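Subject: Handing over a structure

Hi,

Here is the structure I promised to pass on to you. Please open it first and keep it beside you while you read my notes.

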Amino acid sequence: DLTWRGTVTLRQREAGGSAVDAEPSGWPRSAYFSASANSHHPTLHYSLHCEYEMLETHIDDRWLDLDPSGAAVLHQARRDQVVESCRVNSAFSRKRRVLTPGDLKHLVVDEDHELIYCYVPKVACTNWKRVMMVLTGRGKYSDPMEIPSNQAHVPSNLKTLNQYSIAEINHRLKNYFKFLFVREPFERLVSAYRNKFTLKYNSSFHKRFGTRIIRRYRKNATQDALINGADVKFKEFIEYLVDPATQRDGPLNEHWQTVYQLCHPCHIHYDMVGKYDTLEEDANYILRLVGVGDSLRFPSYAKSTRTTDAMTAQFFSNISSQQQVQLYQLYKMDFLMFNYSIPSYLKLD
């Protein structure tokens, strides 16, 4: 845990909706508070002026007891990396003072095992949702892979944190084991592009996003392309992402939204950050940690079509250096928080 000292100043302003705990990553859990209100009353917001000190870092005993091999040290380092990145970039990371229930729809809750999993599309989230269905199914399922992939994405099959009351949300954020899985940001981005824009069966994405992208960024587009949006080029997709007009349209789609915006790791203290690079190892570590490792294993992953670093470099070869800089700025917090280095193929100078 990080030890901190500082002052907290309060101010009120009129705002609709309800505010929930924004648990600053790495803070002692008693060091933050909630404020709730309905649309007819002022919502309490707060400003934080803190001087942080890295006075002491310790590893929870439960990690060491379960893992004498030293993996606990690795996971502590990953948590520390998130904390430090949020601290160093506090001007950016503290733009949001308070989270609302609407910010928590990616946090899947397992009451039986007191788990919260923040799912990130294109980071094995289908298999993790399958595992969560086994964990929450009370015997309905035993093998994650017997669950059809489309069933894993049916909202009613899993409960998310935004479905709880403010008090229930805060209790679970403070007391449940919270984890997420992350991936190299640009590899994840290329994976999302390949899946949503190059496969014929994703016609809903072609209609919803492809037509808009082609209309905005393709000169002399054919009528068929404008109607169906089925052949978006990667360069056009990147133009769409870095265009200020896209930001004004509203939040990015979850498949290419940043982990920073989906899971709020500068506000929610995650007990474990798993990585796509070490997916099975990290996933089974969590399952052992929560006491189900003997009866449940994370599905083996041997997908021959998965997006690789070399493939990502190839996709980026036709992107201008200006757009590469803009794109890196968009995903910068994900690179920093999860300790991904700037890719060697980027032209940032």
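This is a predicted model: local features need pLDDT of at least 70, side-chain atom pairs count only at pLDDT 80 or more; totals for chains, interfaces and linings use all residues.

Residues are numbered from 1 along each chain as its sequence is written, and side-chain values use heavy atoms, with hydrogens and water left out.

Pockets

Rolling a probe the size of a water molecule over the atoms shows where empty space is left. A pocket here is an open set of points on a 1 Å grid over the protein atoms alone, where a 1.4 Å probe fits and protein lies on both sides within 12 Å along at least five of seven lines; lining residues have an atom within 4 Å of a point. Points are joined across faces, edges and corners, and the volume is the space filled by probe spheres set on them.

The largest pocket has a volume of about 1000 Å³. Its lining has 39 residues, and Lys122, Cys125, Thr126, His153 and His255 are the closest to the centre. Helix 4 (125–136) gives the largest share of that lining, five residues; helix 5 (149–152) and helix 7 (185–197) also supply at least two residues each. Helices (H or I, at least four residues) and strands (E, at least two) are DSSP runs, numbered from the N terminus. Cys125 is buried, with a relative accessible area of 8% (buried means under 20%, exposed over 50%, partly exposed in between, with a 1.4 Å probe and protein chains only).

The second largest pocket holds about 700 Å³ of space. It is lined by 23 residues, and Pro251, Leu252, Gln257, Thr258 and Gln261 lie nearest its centre. Helix 12 (259–263) and helix 15 (321–337) are the elements that give two or more residues to this lining.

Disulfides

There are two disulfides, counted as pairs of cysteine sulfur atoms within 2.5 Å. Cys86 is joined to Cys266, S to S 2.0 Å. The torsion about this S-S bond is about -85°, so the disulfide is left-handed. Cys86 sits in helix 2 (residues 71–88) and Cys266 in the loop between helix 12 and strand 7 (272–275), 180 residues apart. The other disulfide pairs Cys118 with Cys263, their sulfur atoms 2.0 Å apart. This link is left-handed as well, with -90° about the S-S bond. Cys118 belongs to strand 4 (residues 115–118) and Cys263 to helix 12, 145 residues apart. Cys86 and Cys266 are both buried, and so are Cys118 and Cys263. In sequence order, the bonded cysteines pair 1-4, 2-3.

Core

The largest nonpolar core has 90 residues, and Trp128, Phe186, Phe237, Leu241 and Trp256 have the most contacts inside it. Such a core is a set of buried Ala, Val, Leu, Ile, Met, Phe, Trp, Tyr and Cys residues joined through side-chain atoms within 4.5 Å. Helix 4 provides its largest share, seven residues.

Backbone angles

Most residues other than glycine have a negative phi. Lys122, though not a glycine, has a positive phi of about 75°; Lys122 lies in the loop between strand 4 and helix 4. Asn339 is not a glycine either, and its phi is positive at about 60°. Asn339 lies in the segment after helix 15 and counts as exposed at 54% relative accessibility.

Enjoy exploring!
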